[in-house]
Amino acid sequence: MNPTPAPTTLVTNIGSLVTNTPGTGDCATPLGLLHDAAVVMAGGRFVWAGPAARAPEADERYDAGGRAAIPGFVDSHSHLVFAGDRTAEFNARMSGHAYRAGGIRTTVAATRAATDDELDANITRYLTEALRQGTTTFETKSGYGLTVEDEARALRIAARHTDETTYLGAHIVAPEYADDPAGYVDLVTGPMLDACAPHARWVDVFCEKGAFDGDQARAILTAGAARGLVPRVHANQLGHGPGVQLAVELNAASADHCTHLTDADVDALANGTTVATLLPGAEFSTRADWPDARRLLAAGATVALSTDCNPGSSFTSSMPFCIALAVRDMGMTPDEALWSATAGGAAALRRTDIGRISVGARADLALLDAPSHVHLAYRPGVPLVREVWRAGIRADF
Ligand code: NIG
Ligand code: FE
């Protein structure tokens, strides 16, 4: 007996559809823009995309009313397993205090004190927030536990919500090891890694003054890689440093922040396989200088955009907000920013099944209350996401 075929859903009358599939449609850019388009989803995948006039019949039909549709956003960098917030620290910054990595300790204390249920409720809250704003894939990290048990717990909770989990035991040196950073690196590369590796896909280090230097970062990333975790690096956020060069040398999936880059750093990113992930929410919330996306794009680097959602340096879950900042302040065109927030994020997660609309890709689609994706930057702060499908299922907001 043949298995019953999965029901099909047709979304039609899409005024403009970003496919991120070059060669599709009437536009030569990587966005592969189609007008008067339709898609068909079945079994959680796209099974057809093309002109609405040629769309096949389907079991269910949704009329997009001429609105724009885009692939669901891929947020390839967030820190969502935490408790509490840092309102006072933000307030102080907005009256002139500088951002420092040490503020992470406040969140570590609150996170350790929280129950599993509290942490799960918190991540669920921010994920729901993100989904409403069009995010259909997100990566998230440990890093607010900093003990063997608390880091493993964070990753177990994260893994209930996403496959893209990152071990960030090396966020800062745990307070208990303040006088013995080498001892903490031994813990991170030893028993903590043993406990965390089964729950993580990636390993990350905050390579920065006040956190971990180049040698420590190399030891941690190499130990993680030996356990099958692929490196990604918090690099060159607060100042120049070895993070970006190390990321490229170790073939990391992504170097994240990239705010302070030398010409050699830009060349390394342009010539390597490591994606430059820019996190404008962090510069916004720390009143820091913007990363120069134009310089990276001009050199030929692959650029991703993500939220860095965390209670210290970037408390936003909104990819549209990050797109608006990237366009206004980082030299990106609206097309480039949208690509970086979808296909760019997929590249930073080494995924080809998300961030684009083509047959076989996961059926992640965001419908905008706008005639064009350009409105994401043109109408900043306006909640334009009207409907979201994730793996073919329409979210119930
Ligand atoms: O990516 N830079 C390191 N980690 C976070 C900030 C974490 C915090 O301040 O709590 C970031 O910006
Ligand atoms: Fe971060």
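A residue counts as buried if 20 or more other C-beta atoms lie within 10 Å of its own. The model discussed here is predicted.

Q: Why is His234 called buried?
A: The cut-off is 20 or more other C-beta atoms within 10 Å. His234 has 30 other C-beta atoms within 10 Å, so the label buried applies.

Q: Where does His234 lie, and what is it in contact with beyond its neighbours within four places in sequence?
A: His234 lies in strand E11. Contact requires C-beta atoms within 7 Å. Leaving aside neighbours within four places, the partners of His234 include Asp204, Val205, Phe206, Cys207 and Glu208. Gly243, Asp256 and His257 are also in contact with His234.

Q: What makes E11 and E12 a strand pair?
A: The criterion is again at least two bridges. E11 and strand E12 (residues 254-257) have 3 bridges, in the parallel sense. Ala235 stands opposite His257 in E12.

Q: Which helices belong to the β-α-β crossovers around E11, and what is their handedness?
A: Helix H8 (residues 243-249) carries the chain from E11 to E12, and this crossover is right-handed.

Q: Which residues does UniProt list with His234 under "binding site"?
A: The unreviewed UniProt entry lists His77, His79, His234 and Asp308. They are spread over 232 residues of sequence, yet they cluster in space: the largest C-alpha distance is 12.0 Å.

Q: Why is His77 called buried?
A: His77 has 32 other C-beta atoms within 10 Å. The cut-off is 20 or more. His77 is therefore buried. His77 sits in the loop between E6 and H1. Leaving aside neighbours within four places in sequence, its contacts include Asp256 and Asp308.

Q: Which other residues does the annotation "binding site" cover?
A: A further "binding site" annotation in the unreviewed UniProt entry covers Arg86, Tyr144, His171, Gln237 and Ser313.

Q: How do you know whether Arg86 is buried or exposed?
A: Buried takes 20 or more C-beta neighbours, exposed 12 or fewer. Arg86 has 21 other C-beta atoms within 10 Å, so Arg86 is buried. Its place is in the loop between strand E6 (73-75) and helix H1 (87-93).

Q: Why does Ser313 count as buried?
A: Ser313 has 27 C-beta neighbours inside 10 Å. The cut-off is 20 or more, so Ser313 is buried. Ser313 is found in the loop between strand E14 (303-305) and helix H12 (319-329). Beyond neighbours within four places in sequence, its contacts include Tyr99 and Asp308.

Q: Why does the radius of gyration agree with a compact globule?
A: For 397 residues, a compact globule would have a value near 21 Å. The chain has 21 Å, so the two agree. Buried residues make up 56% of the chain.

Notes
Residues numbered from 1 in each chain as written. Chains lettered and ligands numbered in written order. Predicted model: local features only at pLDDT ≥ 70, side-chain atom pairs only at ≥ 80, totals over all residues. UniProt positions renumbered as here; feature names shortened; annotations may be inferred. Helix = DSSP H or I, 4+ residues; strand = E, 2+ residues; numbered from the N terminus. Contact = placed C-beta atoms within 7 Å. Right-handed = clockwise from strand over helix to strand, strands pointing away. Rg over C-alpha atoms; globule rule 2.2 N^0.38 Å.
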